[in-house]
Amino acid sequence: MPNPTARKLTEDNSRFAVSSPMQFAIEEAVVGGETPQRKRTFSGVAYSGGVIPDHWYWGNVVFDMATMAVPPKLPALVDHNRSMRAGYVTSSDTDNSLGFTVKGILLSNEDGQAVAQDSDEGFPWQMSVHIE
């Protein structure tokens, strides 16, 4: 395991991502108090709860999901890029046997539509969670 004093943690190097496949659907959804509309949705396991092997800084690491603080609405970004907003998470669950699961809605903007179109054409999107 690396020496924790050998490298100073910064906002950029204290985060990492874990990936898993995403599922897509078209469902009735209420957005902003509107009447239900057909929206493109996504869901998946953002973190299984298992060991993440060989992290570049911590070695093998596990996150305690029982102590995770999850805001009510999370951004869904392409490649963790804050300027590429594809959608947002509408619900999440850390109290299940699957791990940290999320459901959300894709936006009708360029990034959200690109994710939807690519998934329609068979692109194997993966879900990745940003944990601090």
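Q: By class, what does the lining of the largest pocket have?
A: In this predicted model, the lining of the largest pocket has 24 nonpolar residues, together with six polar and five charged ones.

Q: And what volume does that pocket have?
A: The volume of the largest pocket is about 970 Å³. Of the 35 residues that line the pocket, Pro75, His80, Ser128, Val129 and His130 are the closest to its centre.

Q: Which elements give two or more residues to that lining?
A: Those elements are β1 (19-29), β2 (37-47), β5 (74-77), β6 (85-93), β7 (100-106) and β8 (126-128). The most comes from β5, which gives four residues to the lining of the largest pocket.

Q: Stepping back, how many helices and strands are there in the chain?
A: The chain has one helix and eight strands, and read along the sequence they follow the pattern β-β-β-β-β-β-β-α-β.

Q: How much of the chain counts as buried?
A: Of the 132 residues, 33% count as buried.

Q: Now the helix: which residues of α1 are buried?
A: In α1, which covers residues 110-120, the buried residues are Asp111, Gly112, Val115, Ala116 and Ser119. They lie on the same side of α1, because the arc they cover around the axis is only 135 degrees.

Q: What's exposed on the other side of α1?
A: Glu110 and Asp120 are exposed on the other side of α1.

Q: What happens at the start of α1, and what follows α1?
A: At the start of α1, a side-chain oxygen of Asn109 reaches to within 3.2 Å of the backbone nitrogen of Asp111. After α1 comes Gly122, which has a positive phi, near 95 degrees.

Q: Changing topic, how many salt bridges does the structure hold?
A: The structure holds one salt bridge. The partners are Asp120 and Arg40, with their closest N and O atoms 2.7 Å apart.

Q: Which parts does that pair tie together?
A: Asp120 lies in helix α1 and Arg40 lies in strand β2, so the pair ties together parts that are 80 residues apart in sequence.

Q: Is Arg40 buried or exposed? And what about Asp120, buried or exposed?
A: Arg40 counts as buried, because its relative accessibility is 18% and the cut-off for buried is under 20%. Asp120, by contrast, counts as exposed, because its relative accessibility is 54% and exposed means over 50%.

Conventions:
Residues are numbered from 1 along each chain as its sequence is written. This is a predicted model: local features need pLDDT of at least 70, side-chain atom pairs count only at pLDDT 80 or more; totals for chains, interfaces and linings use all residues. Side-chain values use heavy atoms; hydrogens and water are left out. On a 1 Å grid over the protein atoms alone, a cavity is a set of points where a 1.4 Å probe fits but cannot get out, and a pocket is an open set with protein on both sides within 12 Å along at least five of seven lines; lining residues have an atom within 4 Å of a point. Grid points are joined across faces, edges and corners, and a volume is the space filled by probe spheres set on the points. Ala, Val, Leu, Ile, Met, Phe, Trp, Tyr, Cys and Pro count as nonpolar, Asp, Glu, Lys and Arg as charged, and the others, Gly among them, as polar. Buried means under 20% relative accessible area, exposed over 50%, partly exposed in between (1.4 Å probe, protein chains only). The arc is that of the directions from the helix axis to the C-beta atoms. A polar contact is a pair of N or O atoms within 3.5 Å; within protein, one must be able to donate a hydrogen and the other to accept it, and residues adjacent in sequence count only if both atoms are side-chain atoms. A salt bridge is a side-chain nitrogen of Lys or Arg within 4 Å of a carboxyl oxygen of Asp or Glu.
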